[in-house]
Amino acid sequence: PLGQSKLVPIFGTDYQTRDGTCIRDYVHVQDIAQAHILALGYLDTINGTRHYNLGSSHGYSVLDVVDTAKKVTGVEIPVEFHPRRSGDPATLVASSDLARADLSWNPQHSSLGSIIESAWMWLRKYPEGYKD
């Protein structure tokens with residue numbers, strides 16, 4: 001659709017997951033930005049620093065992402081399967097409990113469909129990114 005890739009490579013279909021592909025946690029960029037703003041305010045109230053994981057606390061498989069992107073965009077997305085990459089864990093999901101407790105942070109755009117829809121709208125508006 002945007003001519004950026006001919007297909008999506010998927011690395012590994014034999015993981016111990018529901019569909020055999022890796023599970024990853026996805027967070028909308030606006031939610032990440034909001035967490036940074038809250039953290040900057042929180043720094044004024046403490047001595048030292050804190051480190052936070054930001055995530056939705058649940059994950060989606062690579063095939064979930066491709067299928068949802070197809071539904072949201074209405075575009076067929078060809079995939080190409082490859083062997084696993086060395087060192088890739090089957091599941092990577094973040095716990096944001098500390099960010100929720102310290103910053104009262106809660107992702108507002110946590111559904112995969114809304115994350116992809118937002119990205120799709122931006123890509124259609126700026127297919128070559130922002131211009132200088």
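**Salt bridges and a helix crossing**

Colleague: Why is glutamate 76 called exposed?
Modeller: Glutamate 76 has a relative accessible area of 59%. Exposed means over 50%, buried under 20%, and partly exposed in between (1.4 Å probe, protein chains only). Therefore glutamate 76 counts as exposed.

Colleague: What is the model based on, and how are residues numbered?
Modeller: This is a predicted model: local features need pLDDT of at least 70, side-chain atom pairs count only at pLDDT 80 or more, and totals for chains, interfaces and linings use all residues. Residues are numbered from 1 along each chain as its sequence is written, and side-chain values use heavy atoms, leaving out hydrogens and water.

Colleague: What makes glutamate 76 and lysine 70 a salt bridge?
Modeller: Their N to O distance is 3.3 Å. A salt bridge needs a side-chain nitrogen of Lys or Arg within 4 Å of a carboxyl oxygen of Asp or Glu. The pair therefore qualifies. Lysine 70 is partly exposed, at 25%.

Colleague: How many salt bridges does this rule give?
Modeller: The count is 7. Among them, arginine 85 meets aspartate 88 at 3.0 Å, N to O. Arginine 85 has a relative accessible area of 46% and is partly exposed. Aspartate 88, at 21%, is partly exposed too.

Colleague: How do you know that aspartate 64 and arginine 18 form a salt bridge?
Modeller: Their closest N and O atoms are 2.6 Å apart, so the pair meets the rule. Aspartate 64 lies in helix α2 (residues 62-73), and arginine 18 in the loop between β1 (8-11) and β2 (23-24), so the pair ties together parts 46 residues apart in sequence. Helices (H or I, at least four residues) and strands (E, at least two) are DSSP runs, numbered from the N terminus.

Colleague: Are these two residues buried or exposed?
Modeller: Aspartate 64 is buried, at 19%. Arginine 18 is exposed, at 62%. Arg18, Asp19 and Asp64 are linked in a network of salt bridges.

Colleague: Why is α2 called oblique to α4?
Modeller: α2 and helix α4 (residues 112-125) pack at about 55°, with their axes 9 Å apart. Under 35 degrees is roughly parallel, over 145 roughly antiparallel, 65 to 115 roughly perpendicular, and the rest oblique. That makes α2 oblique to α4.

Colleague: Which residues of α2 meet α4?
Modeller: Asp64, Val65, Thr68, Ala69, Val72 and Thr73 in α2 meet Leu112, Gly113, Ile116, Glu117 and Trp120 in α4. Contact means heavy atoms within 4.5 Å.

Key. Axes fitted to C-alpha atoms, helices over the stretch in contact; angles between N-to-C directions.
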